[in-house]
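Please find below a short note on the structure shown here. The points move from the whole chain to individual residues.

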Amino acid sequence: MANSVNTNFGAMIALQNLNATNVELAATQTRINTGKKVSNAKDNGAIWAIAQGQRADIGALGAVKSSLDRGISAVDVSLAAGESVSDLLLQLKEKALAATDRSLSTASRSALNEDFKAIRDQITAVTNNADFNGINLLRTGATGFAALANAAGTATLTVQAEILALGSTNVTVTATTTIGTSTLATTALGLVNTSIDRVSGALARLGTKAKALETHRTFVGKLTDALQSGVGNLVDADLAKESAKLQSLQTKQQLGVQALGIANQSPQILLSLFRN
């Protein structure tokens, strides 16, 4: 290579190497500052796009989990109310059975009948107030609900209503059922026994649905964790590795500065050749 005062090839090469080191050093510092090896599309467009897609799924799964949580809460409220209805039916059976005794006095039968009607009417109060977030699975006209099951919104977990209102399929005791006579008491006892069996079946179905919702919520939680881990594998930086690389690049930068300084002294060396 010819020596020239117009073009300092050594300084140009040293500057190029120093600039490359500075760029790499800046990238390493960014990874350490953000904790990510791919923090934007410029770092790696393909990986960034994949990670963004997975982040979208993670966000959608958060909505699925919220939907499942609401569904579980609604079923739990219905189960609690349904158990209360079942307990009330057991009390009605006791009153109805006692009222079938033909030897009861008029006063005793009247007292039993008043107790029966008061307990009977409590069933209406329980079913009408078994609400959670606007969902009621027990009162007359209930239609059930569908909770989200996947991130695409194409699958749902459906919970059907189990109406426990008076006069319904499950509770055959009506709002006018009484035990004022032994004959009415016998009829009421049959209705109560049928209601107890059907309410137990309804609660069993609700319990199965509650278990299904909880199982799917657990799966969604695990799936979310797996996706988050996958995104981390794609974009997270190895901080131990980056720290070691940072120290290496800082040393390289210092050497590059020294090399540039030496190369810049080349014209001075040429000048000394013309001195006497």
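What radius of gyration does the protein chain have, and what would a compact globule of 276 residues have?

1. The protein chain has a radius of gyration of 39 Å, whereas a compact globule of 276 residues would be near 19 Å. The radius is taken over C-alpha atoms, and the globule rule is 2.2 Å times the number of residues to the power 0.38. Along its principal axes the C-alpha trace spans about 145 × 30 × 20 Å.

2. This is a predicted model, in which local features need pLDDT of at least 70, side-chain atom pairs count only at pLDDT 80 or more, and totals for chains, interfaces and linings use all residues. Residues are numbered from 1 along each chain as its sequence is written, and side-chain values use heavy atoms, with hydrogens and water left out.

3. Six helices and two strands make up the secondary structure of the protein chain (DSSP runs numbered from the N terminus: helices H or I, at least four residues; strands E, at least two). Their order from the N terminus is α-α-α-β-β-α-α-α.

4. Val159 belongs to strand 2 (residues 156–159). Val159 counts as buried because its relative accessibility is 1% (buried: under 20% relative accessible area, exposed: over 50%, partly exposed: in between; 1.4 Å probe, protein chains only). Beyond neighbours within four places in sequence, its contacts (heavy atoms within 4.5 Å) include Val75, Leu206 and Leu213.

5. His216, in helix 4 (residues 182–235), is also buried, at 18% relative accessible area. Leaving aside neighbours within four places in sequence, His216 is in contact with Leu68, Ala149 and Leu157.
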